[in-house]
Amino acid sequence: DMEKLAAQARELGASTSWSATEAAEAMKYLAMAGLSVEETMTAMPGMLNLASAGAVDLATSADIASNILSGFGLEAAEIGRVGDVLTNTFTSSNTTLQGLGETMKYVAPVAAAASVEIEDVAAMVAKLGDAGIQGGEAGTALRAMLLRLAGPPKMAADALEELGVATRDANDNMRPMSEILADLEREMSKLGTADKIEAAKRIYGVEAASAGMVLSAQAATGALDEMSAAVARQGSSAEVAARMGDTFQGALKTLGSAISEAKIAFGEKFIEPFTEQVQKAAKAVTDFAKSDAFKAMADGMVSAFKAMVAA
């Protein structure tokens, strides 16, 4: 297994803008997230594309993607889907890859429990990002919204009943978020401005009220569903990575990786003979340290030092 991973890291280092060392670091994060050797090797090309598209280091992209994968309870084979969704999101909204990682760590487990797809969550995150609600702030707001709509406390339940909006279907499952939010916007638009704000506060809670009003407005116009479809586009991370690599800076980075691979290949030729010589030298030093000659030399040095101090 180690040989297979090392061989892939070397191959990626020789053929992409990322070095073998960087590839190995990314493999570590994927393994720490629970991916098997085969799953890690399958995921690596996608991780390189995501890192290039997001302009972050390879280890960071692997850490973010694997955390989101685990948060949504997705299979390792879907890590390419995760990479494309993230790329589509930060290239079409006021978000970044790091910011998306921060948002998703708060909302992903709750969204997965409510059967909300990653594309729908990403669309909501994108619209919040455009409104200046980003990172952990967006994550905590979305988490609060999902929790309060899935199981409304009395204040929220009363407000929802007054508006005539149901958050669950006939099977007691949560309705699609875009439908709930669109219904809320339609009913709340009938209220005066003060009553609308009061209703939003009762339903979403004080901390999530701003996010709730932004998303309900987007859902009512159909923009939220359009964004969900847009972030679901496949192959985007590879396309963006290719465009970014097709530059002078990208070419320099690729050249640096190729030189790094050449250094590794050159060094391997000397490892065995150098290792043998170092081991011999270490044994010689150890043997000398145990010898009478070393003891006599050490005693002589101590005597000379004492004499110098006395003088």
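Which residues of the largest nonpolar core touch the most other members? They are M44, L58, F72, M145, M177, L181 and L184, out of 78 residues in that core. A nonpolar core here is a set of buried Ala, Val, Leu, Ile, Met, Phe, Trp, Tyr and Cys residues joined through side-chain atoms within 4.5 Å. Helix α7 (residues 118-130) gives this core its largest share, 8 residues.

A quick word on the model: it's predicted, so local features need pLDDT of at least 70 and side-chain atom pairs count only at pLDDT 80 or more, while totals for chains, interfaces and linings use all residues. Residues are numbered from 1 along each chain as its sequence is written, and side-chain values use heavy atoms, with hydrogens and water left out.

Setting aside residues up to four places away in sequence, M177 touches V116, M124, M145, L146 and L149 (contact means heavy atoms within 4.5 Å).

Now hop over to N88, in helix α5 (residues 79-90). N88 counts as buried because its relative accessibility is 5%; buried means under 20% relative accessible area, with a 1.4 Å probe and protein chains only. The N88 side chain reaches the backbone oxygen of V231 at 2.9 Å. Beyond its neighbours within four places in sequence, N88 is in contact with A230, V231, A232, R233 and S236.

Last stop: I133, in the loop between α7 and α8 (135-150). I133 is buried too, at 10% relative accessibility. With neighbours within four places left aside, I133 is in contact with L128, A138, S210 and A211. I133 and N94 sit 39 residues apart in sequence, and their C-alpha atoms are 9.4 Å apart in space.

Methods
Buried < 20%, exposed > 50% of the residue type's maximum accessible area, 1.4 Å probe, protein only. Helix = DSSP H or I, 4+ residues; strand = E, 2+ residues; numbered from the N terminus. Polar contact = N/O pair within 3.5 Å; in protein donor to acceptor, adjacent residues only side chain to side chain.
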